[in-house]
Amino acid sequence: MQATDKITFIQALESSWSLASSTKWTQANPASGQCGVTALVAQDVLGGDILKTKYGDIWHFYNRIEGEVIDFTKSQFEASICYDHHTATRAEAFADTNAEQYEYLSTTVQQHLGNTP
């Protein structure tokens with residue numbers, strides 16, 4: 001990982017996810033609906049690629065960072081995921097979120113990391 005390690009980033013994410021970053025968020029399932037916005041912010045902070053795979057009828061987004069596939073939001077699903085590792089664009093991941101949710105998560109994660117965006 002780069003200057004921000006995976007554990008520190010996960011802690012920042014978990015402290016930042018809320019209804020402001022996904023309308024599907026619940027206290028019982030904070031990762032719900034967070035995949036697109038999280039994949040975007042993870043790429044901003046940690047670099048790497050955004051990947052996607054079909055999960056039922058939806059595209060699920062996650063990351064490949066320094067060759068390691070990392071799904072920060074897999075806990076939102078009860079069933080296991082059969083990953084296809086299709087390369088996704090930022091536009092595809094952004095279609096899963098909106099500007100307000102992205103700005104909120106990006107800013108809040110950066111604040112938790114001690115950065116002032």
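Ser22 sits in the loop between α1 (6-16) and α2. At 3% relative accessibility Ser22 is classed as buried, the cut-offs being under 20% relative accessible area for buried, over 50% for exposed and partly exposed in between, with a 1.4 Å probe and protein chains only. Keep in mind that this is a predicted model, where local features need pLDDT of at least 70 and side-chain atom pairs count only at pLDDT 80 or more, while totals for chains, interfaces and linings use all residues. Residues are numbered from 1 along each chain as its sequence is written, and side-chain values use heavy atoms, with hydrogens and water left out.

**Around Ser22**

- The Ser22 side chain gets to the backbone oxygen of Ser32 at 3.2 Å; a polar contact here is a pair of N or O atoms within 3.5 Å, where within protein one must be able to donate a hydrogen and the other to accept it, and residues adjacent in sequence count only if both atoms are side-chain atoms.
- Leaving aside residues up to four places away in sequence, Ser22 touches Ser32, Gly33, Gln34 and Gln101, with contact meaning heavy atoms within 4.5 Å.

**The sheet**

- Four strands make an open sheet in the order β3-β2-β1-β4, with antiparallel pairing.
- β3 (68-70) and β4 (86-88) are the edge strands, each with a single partner, so one side of each has no neighbour in the sheet.
- From one strand to the next, the twist averages 45°.
- Strands (E, at least two residues) and helices (H or I, at least four) are DSSP runs numbered from the N terminus, and two strands pair if DSSP finds at least two bridges between them.

**Strand by strand**

- β1 (residues 49-55) and β2 (residues 58-65) run antiparallel and are joined by seven bridges.
- Within that pairing, Thr53 stands opposite His60 in β2, and Lys54 has Trp59 of β2 as its bridge partner.
- The β1-β2 hairpin has two residues between its strands, and Gly56 in the turn shows a positive phi of about 65°.
- β2 also pairs with β3 in the antiparallel sense, over three bridges; Asn63 has Ile70 of β3 as its bridge partner.
- That hairpin, β2 to β3, likewise has two residues between the strands, with Glu66 in the turn at a positive phi of about 50°.

**Helix packing**

- Helix α2 (residues 35-46) lies across β1 and β2, at about 15° to β2; axes are lines fitted to C-alpha atoms, for helices over the stretch in contact, and angles run from 0 to 180 degrees between N-to-C directions.
- α1 packs with helix α4 (residues 99-112) at about 125°, their axes 9 Å apart.
- That makes α1 oblique to α4, given that under 35 degrees counts as roughly parallel, over 145 as roughly antiparallel, 65 to 115 as roughly perpendicular and the rest as oblique.
- Phe9, Ala12, Leu13, Ser15 and Ser16 of α1 make the contact with Tyr104, Leu105, Thr108, Val109 and His112 of α4.
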